[in-house]
Amino acid sequence: YFHIGDGDHFVGGAEKYRTGYVEQLRFVSERVLRLIDALLARASRPLVIVVQGDHGPGLRLNHDDEGKTDLRERLAILNVYRFPDGDYSRLYPSITPVNSFRVVLSRLTGQPMALLPDEVSCSRWSSPYRFVPLEPTVEGALRVRPSAPVAAPTPSPGH
């Protein structure tokens with residue numbers, strides 16, 4: 001049984017979510033590794049490879065209340081890079097996709113690209129285009145930026 005929902009939209013409970021997530025992760029990881037091996041074996045020139053996820057798990061996700069969401073879990077994304085020369089010096093732990101692709105494209109083209117601020121935001125299921133700016137806490141978690149206005153959820157058609 002496959003269900004697209006996660007967090008408070010998941011039907012089946014936390015243990016079922018956790019087990020299913022790990023099984024999907026193993027399945028996809030094995031296939032991606034096989035694909036990368038095949039690409040490298042067939043390549044006639046050195047390859048740059050980027051594997052990137054769009055969000056982390058959603059076990060502790062509340063679709064309409066970021067205060068009840070484990071933002072660090074949800075916003076942790078997979079970023080995997082392979083540069084033929086092994087020089088990863090321009091990458092850093094808090095890099096976001098806007099800058100990871102600037103680093104990659106700069107490496108490929110030889111043209112320097114200025115990095116942008118690594119900003120993180122989230123949105124609610126009921127207002128997907130109203131982004132709530134987030135910031136890290138001293139403990140390493142994420143929280144709503146105090147000065148950021150948080151829009152009240154508005155129902156969207158069909159939800």
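**Strands and salt bridges**

Reader: Over how many bridges do strand S4 (residues 127–136) and S5 pair?

Author: This is a predicted model, where local features need pLDDT of at least 70 and side-chain atom pairs pLDDT 80 or more, while totals for chains, interfaces and linings use all residues. Residues are numbered from 1 along each chain as its sequence is written, and side-chain values use heavy atoms, leaving out hydrogens and water. Strands (DSSP runs of E, at least two residues) and helices (H or I, at least four) are numbered from the N terminus, and two strands pair if DSSP finds at least two bridges between them. S4 and S5 run antiparallel, and their pairing covers three bridges.

Reader: Which strands stand at the edges of the sheet?

Author: The open sheet has three strands in the order S3-S4-S5, paired antiparallel. Each edge strand has a single partner, so one of its sides lacks a neighbour in the sheet; these are S3 (120–124) and S5 (142–144).

Reader: Which residue forms a salt bridge with glutamate 66?

Author: A salt bridge puts a side-chain nitrogen of Lys or Arg within 4 Å of a carboxyl oxygen of Asp or Glu. Here the closest N and O atoms are 2.8 Å apart, and the partner of glutamate 66 is arginine 124.

Reader: How far apart in sequence are the parts that this pair ties together?

Author: Both glutamate 66 and arginine 124 are buried (under 20% relative accessible area; exposed is over 50%, partly exposed in between, with a 1.4 Å probe and protein chains only). Glutamate 66 lies in the loop between S1 (49–52) and helix H2 (71–75), and arginine 124 in S3, so the parts they tie together are separated by 58 residues.
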